[in-house]
Amino acid sequence: MTDFSQYDTRDHLLSILVLDEPRVLTRITALFGRRGYNIKSLSVGQTEHPGVSRMTIVVHGDRGVVQQATHQLAKLHDVVKVVDHSLEKFVDRELVMVKVAITPESRVEVRQIAEDFRARIVDVGRHALTFEVTGDEGKITAFIEQMRPFGILETMRTGRIALTRGSNADIPSQVFHGGESETLRPMTQGVEAREERARRVPNLF
């Protein structure tokens, strides 16, 4: 019987641990580009392990092709580990800065809406207020939509970042194909061995 769920097109949230090497970002984005996927957001930052960064990528596509892409990513010599958060319990956050036009009449209402969203004012001007909001994608989008009628002058979203939750005990074991979730083990296990192996692999990109 055909599993039509693999053709269900949706956003996929991926965490990719990479070695801090030149052009690693280019190689990863090129891999998705060759498959016709547009990266909706991409965030990069340092991890707890020196020399290793974490990329959090949101791509839109069907599950089957995204899984093929993750397998190809794992083969890159400077990729330590790839986690598809669709198979895991995870917590994600995003940060946005929004500059909103204000008038004497709208100032109080704008500040009240921001307070409801627990937004923080980071800059105050005579004709604009700049807010900082942290939360999941739904909260960020809702805040922007609430501010749109007043006039949004500028926005900047960081893109989603995510970590696997501390326990995946209530997820069926068959999801992990033979036991414990990979993400419950140290994410940088085997980094040193991978670095040594990478030195012997020619750069094909």
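Trainee: Why is Arg63 called partly exposed?

Mentor: Arg63 has 31% relative accessibility. Buried means under 20% relative accessible area, exposed over 50%, and partly exposed in between, with a 1.4 Å probe and protein chains only. Arg63 therefore counts as partly exposed. This is a predicted model, in which local features need pLDDT of at least 70 and side-chain atom pairs count only at pLDDT 80 or more, while totals for chains, interfaces and linings use all residues. Residues are numbered from 1 along each chain as its sequence is written, and side-chain values use heavy atoms, with hydrogens and water left out.

Trainee: Where does Arg63 lie?

Mentor: Arg63 belongs to helix α2, residues 63-75. Helices (H or I, at least four residues) and strands (E, at least two) are DSSP runs, numbered from the N terminus. From C-alpha to C-alpha, Arg63 is 9.1 Å from Asp11 in space, although 52 residues separate them in sequence.

Trainee: What makes the span of α2 close to the expected one?

Mentor: The expected span of a helix is 1.5 Å times one less than its number of residues. With 13 residues, α2 has an expected span of 18 Å, and 19 Å is what it reaches from its first C-alpha to its last.

Trainee: Which residues of α2 are buried, and what covers them?

Mentor: Gly64, Val66, Ala69, Thr70 and Leu73 are the buried ones. Their cover includes β1 (9-19), α1 (24-34), β3 (52-62) and β4 (79-84), where contact means heavy atoms within 4.5 Å.

Trainee: Why is the pair of Phe131 and Phe143 called edge-to-face?

Mentor: Rings of Phe, Tyr and Trp (its six-membered ring) pair if their centres lie within 6.5 Å; planes under 30 degrees apart count as stacked, over 60 as edge-to-face and the rest as tilted. By this rule there are 2 aromatic pairs. Phe117 and Phe143 make an edge-to-face pair, at 5.4 Å centre to centre and 70° between the planes. For Phe131 and Phe143 the centres are 6.0 Å apart and the planes stand at 75°, so this pair is edge-to-face. Phe131 lies in strand β7 (residues 128-135) and Phe143 in helix α4, so their pair ties together parts 12 residues apart in sequence. Both Phe131 and Phe143 are buried. Phe117, Phe131 and Phe143 form one aromatic cluster.

Trainee: How do you know whether Met156 is buried or exposed?

Mentor: The relative accessibility of Met156 is 56%, so Met156 counts as exposed. Met156 is placed in strand β8, residues 152-157.
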